[in-house]
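I opened the model today to look up its salt bridges and what surrounds them. My entries follow in the order in which I made them.

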Amino acid sequence: MMRAAIIGPLTEVEYESSEQRHAHCMEVLRDHFLERVSTREMLAIADEAELSGWGFTEVRRAIDALVTEQARRAGAETCD
């Protein structure tokens, strides 16, 4: 199944804050990232996101947050 391309960020003036931009980056990466979190795939997704216009630091922050989210979800599933 072919997946949609990662969309780039909005223009700087379209974000009210850096946190809003960070939240947007996470949302854009979420669908691409959470279902395939191998190191190779993380790097491919990070590279694609950077080519789409997201900065290295914001991509790294978003991926770190998504890994944490995934770990919490996995922990919650094992507690059920």
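**Entry 1: the salt bridges**

I began with R21, which counts as buried at 11% relative accessibility; buried means under 20% relative accessible area, exposed over 50%, and partly exposed in between, with a 1.4 Å probe and protein chains only. The model is predicted, so I note that local features need pLDDT of at least 70 and side-chain atom pairs pLDDT 80 or more, while totals for chains, interfaces and linings use all residues. Residues are numbered from 1 along each chain as its sequence is written, and side-chain values use heavy atoms, with hydrogens and water left out.

I looked up how many salt bridges the structure holds, and the number is three. A salt bridge here is a side-chain nitrogen of Lys or Arg within 4 Å of a carboxyl oxygen of Asp or Glu.

R21 pairs with E12, the closest N and O atoms being 2.8 Å apart. E12 counts as exposed, at 56% relative accessibility. R21 also forms a salt bridge with E58, with 2.6 Å between the closest N and O atoms. This pair links distant parts of the chain, R21 in helix α1 and E58 in helix α3, 37 residues apart. E58 is buried, at a relative accessible area of 14%. I noted E12, R21 and E58 as a network of salt bridges.

The side chains of E19 and R61 meet in a salt bridge at 3.3 Å, N to O. E19 lies in helix α1 and R61 in helix α3 (residues 56-79), so the pair ties together parts 42 residues apart in sequence. E19 is partly exposed at 45%, and R61 is partly exposed at 35%.

**Entry 2: two residues of helix α1**

I then checked H22, found in helix α1 (residues 18-33). H22 is buried, with a relative accessible area of 9%. Not counting residues up to four places away in sequence, H22 touches E58, R61 and A62; contact means heavy atoms within 4.5 Å.

R30 also lies in helix α1. R30 and I63 are 33 residues apart in sequence and 8.5 Å apart in space, C-alpha to C-alpha.

**Entry 3: the whole chain**

I counted three helices and zero strands, in the pattern α-α-α along the sequence. Helices (H or I, at least four residues) and strands (E, at least two) are DSSP runs numbered from the N terminus. Of the 80 residues, 29% count as buried. Among contacts with a separation of 6 or more, 67% are between residues 24 or more positions apart.
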